[in-house]
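Reader: Could you walk me through this model, starting with the overall fold and then turning to single residues?

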Amino acid sequence: MNTPAGFQIIDGKPANIDPIAAMLNPAALQQVIHMTIAAYAAVGFAVAAIHAFMLLRDPKNPFHRRAFAIAFSLGALMAVMQPLSGDFFGAAGFSLSTH
């Protein structure tokens, strides 16, 4: 998306497509890290929501209390890291070019 690779534009149409080169473009590592952090945040909060619901049904259950604490902590940590990683990788002067 940000650094397209693995194809040529001939007469306005993509040609000579190489899927591996497209997946491993110069921005791939930074985008994979940013997306993985987002996935951990989303799953952490989803799991925390499930255990929060179960705690409403049984407030004294130690399993759900502990599971909620772990999942919410992971989601919260990743929610803080997500914009930081985006800012770091998108900061002025950080070059994705290969020249």
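Author: Gladly! From the N terminus on, the elements of the protein chain run β-β-α-α-α, where helices (H or I, at least four residues) and strands (E, at least two) are DSSP runs numbered from the N terminus. This is a predicted model, in which local features need pLDDT of at least 70 and side-chain atom pairs count only at pLDDT 80 or more, while totals for chains, interfaces and linings use all residues. Residues are numbered from 1 along each chain as its sequence is written, and side-chain values use heavy atoms, with hydrogens and water left out.

Reader: What share of the 99 residues of the protein chain counts as buried?

Author: Buried means under 20% relative accessible area, exposed over 50%, and partly exposed in between (1.4 Å probe, protein chains only). For the 99 residues of the protein chain, the buried share is 21%.

Reader: Which helices do the buried residues of H2 pack against?

Author: Helix H2 covers residues 28–57, and its buried residues include Ile37, Ala41, Gly44 and Leu55. Their packing partners are helix H1 (19–23) and helix H3 (62–90).

Reader: Is serine 85 buried or exposed?

Author: Serine 85 is part of helix H3. Because its relative accessible area is 9%, serine 85 is buried.

Reader: And which side chain makes a polar contact with the side chain of serine 85?

Author: Contact means heavy atoms within 4.5 Å, and leaving aside neighbours within four places in sequence, serine 85 is in contact with His34 and Ile37. A polar contact is a pair of N or O atoms within 3.5 Å; within protein, one must be able to donate a hydrogen and the other to accept it, and residues adjacent in sequence count only if both atoms are side-chain atoms. At 2.8 Å, the polar partner of the serine 85 side chain is the side chain of histidine 34.

Reader: Where does aspartate 11 lie, and what is its phi?

Author: Aspartate 11 sits in the loop between strand E1 (8–10) and E2. Its relative accessible area is 79%, so aspartate 11 is exposed. Most residues other than glycine have a negative phi. Aspartate 11 has a positive phi, near 55 degrees.

Reader: What is the phi of asparagine 16?

Author: Asparagine 16 is found in the loop between E2 and H1. With a relative accessible area of 55%, asparagine 16 is exposed. Its phi is positive, near 50 degrees.

Terms used:
The expected span of a helix is 1.5 Å times one less than its number of residues.
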